[in-house]
Structures are given as C-alpha cells and as structure tokens.
Amino acid sequence: MSAVLKSVPLLAAMREADLAEVMAIEDVIYTHPWTRGNFADSLVAGYECRTWRLDGALLGYFVVMVAAGEAHLLNLSVAPSHQRRGHGATLLREAAAIARLRGARGIFLEVRPSNAGAQALYTRFGFRRIAVRRGYYPAHAGREDALVLTLALR
Ligand SMILES: CC(C)(COP(=O)(O)OP(=O)(O)OC[C@H]1O[C@@H](n2cnc3c(N)ncnc32)[C@H](O)[C@@H]1OP(=O)(O)O)[C@@H](O)C(=O)NCCC(=O)NCCS
C-alpha cells in the first residue's frame, strides 16, 4: 500500500520579499488596506509578522505587536479563495500562542462593526467586546467605529 502524502500549510516569519504577495491579498480583501510601508514598518519594529503558505502559495498572514505584557493583533488576513476553510482560526490560534510565549496576559484587537465574518470568528474564539472607538476607521462615507475585543491568555 502506498502512503498518500498531503501538503500542510507552514507558518514562517514574514520578510520584505513577501510583501508583494501580501499586498496582492491586502488590496483585494480590504476597502482601506494597509500600505506596503505599514508592513515594512511592522517588520522593522520587530512585530510578530507571519506568513501562512501551502506549497509556496500565500494563503494568509498576521501581524501582532507584543509590549508591556499585552498583545495587539494588528492584522489578520486570509486570501479570498481560501476563506472559510479554517485558516483564519488557525492563524488566530498561532497569533495567540506567540503572544502568550512572549509574555502577554491578554490580546486586543479592533474590528469594524460591519465586518460580521471576522466578528463571528473572534466571538467563537472567546473574544469579548470591551469598548467602542468612535470614528476609528476610514470609511467610504466619513468614518466607521471600531469594536475593541479582548481575550485573556493563560
Ligand atoms: C476574517 C478572516 C480572517 C477569517 O478567515 P477564514 O479563514 O475565512 O476563517 P475560518 O474559516 O477559520 O472561520 C472560522 C469560523 O469563523 C466564523 N467565520 C469566519 N468567516 C465568517 C464569515 N464570513 N461569515 C460568518 N462566519 C464566519 C465561522 O464561525 C467559521 O467557522 P465555519 O466556517 O465552520 O462556520 C477572513 O475572512 C479575512 O481575511 N477577511 C478579510 C480581512 C478581515 O476582515 N480581517 C479581519 C480584520 S479585523
């Protein structure tokens, strides 16, 4: 009987060389995407930036900042054709594990009230809403609030 080898996605440190592919996803999934400079600055600042690739193809990525015992998830993204297959949940688990390893007691994030899919993911993961930041995000017409969510890390 021959063994069937199945490829699995791999988490890796994001590098400058990844940014063209990162931006190709970023530009299609957000109305107000991060710029290449936002990612480059995150790399220089030493934030925890990871890519998630399957057989070389970029499926997703995240950026988490850990400082003073707290983590802030700044970006979590999955390519459109790979969404709803569990990658977002896996990346969220990895981001939380890295934050915990780096000594964070909790992880915070902002999400748009209009982003029901992301909210569903975070709620299912155990995040709870602690605040609203008024007019935090740019929007097509004016500004949009941000919901601030948090999860205790033990
Ligand atoms: C939000 C995002 C990261 C989720 O990634 P994903 O790989 O599609 O999520 P998963 O497949 O791991 O979803 C896990 C669970 O979260 C919930 N969920 C995720 N996306 C959802 C959606 N669009 N609608 C409703 N529930 C959703 C579901 O409970 C889902 O489980 P199910 O598929 O068994 O029902 C992805 O949709 C994305 O990149 N969106 C654009 C960028 C973005 O909004 N990022 C977050 C900014 S705060």
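Reader: Which residues lie nearest the centre of the largest pocket?

Author: Tyr 30, Leu 76, Asn 115, Ala 118 and Tyr 122, out of 40 lining residues. A pocket here is an open set of points on a 1 Å grid over the protein atoms alone where a 1.4 Å probe fits, with protein on both sides within 12 Å along at least five of seven lines; lining residues have an atom within 4 Å of a point. This is a predicted model: local features need pLDDT of at least 70, side-chain atom pairs need 80 or more, and totals for chains, interfaces and linings use all residues. Numbering runs from 1 along each chain as its sequence is written, and side-chain values use heavy atoms, without hydrogens and water.

Reader: How does the lining divide into nonpolar, polar and charged?

Author: It has 19 nonpolar, 14 polar and seven charged residues. Nonpolar covers Ala, Val, Leu, Ile, Met, Phe, Trp, Tyr, Cys and Pro; charged covers Asp, Glu, Lys and Arg; the others, Gly among them, are polar.

Reader: Switching to the fold. How many helices and strands?

Author: Four helices and seven strands. These are DSSP runs, helices H or I of at least four residues and strands E of at least two, numbered from the N terminus. The order along the sequence is β-α-α-β-β-β-α-β-α-β-β.

Reader: And which of them supply at least two lining residues each?

Author: Helices H1 (19-29), H3 (87-101) and H4 (116-125), plus strands S4 (70-78), S5 (106-111) and S6 (128-138).

Reader: What share of the 154 residues is buried?

Author: 40%. Buried means under 20% relative accessible area, with a 1.4 Å probe and protein chains only.

Note on methods. Buried < 20%, exposed > 50% of the residue type's maximum accessible area, 1.4 Å probe, protein only.
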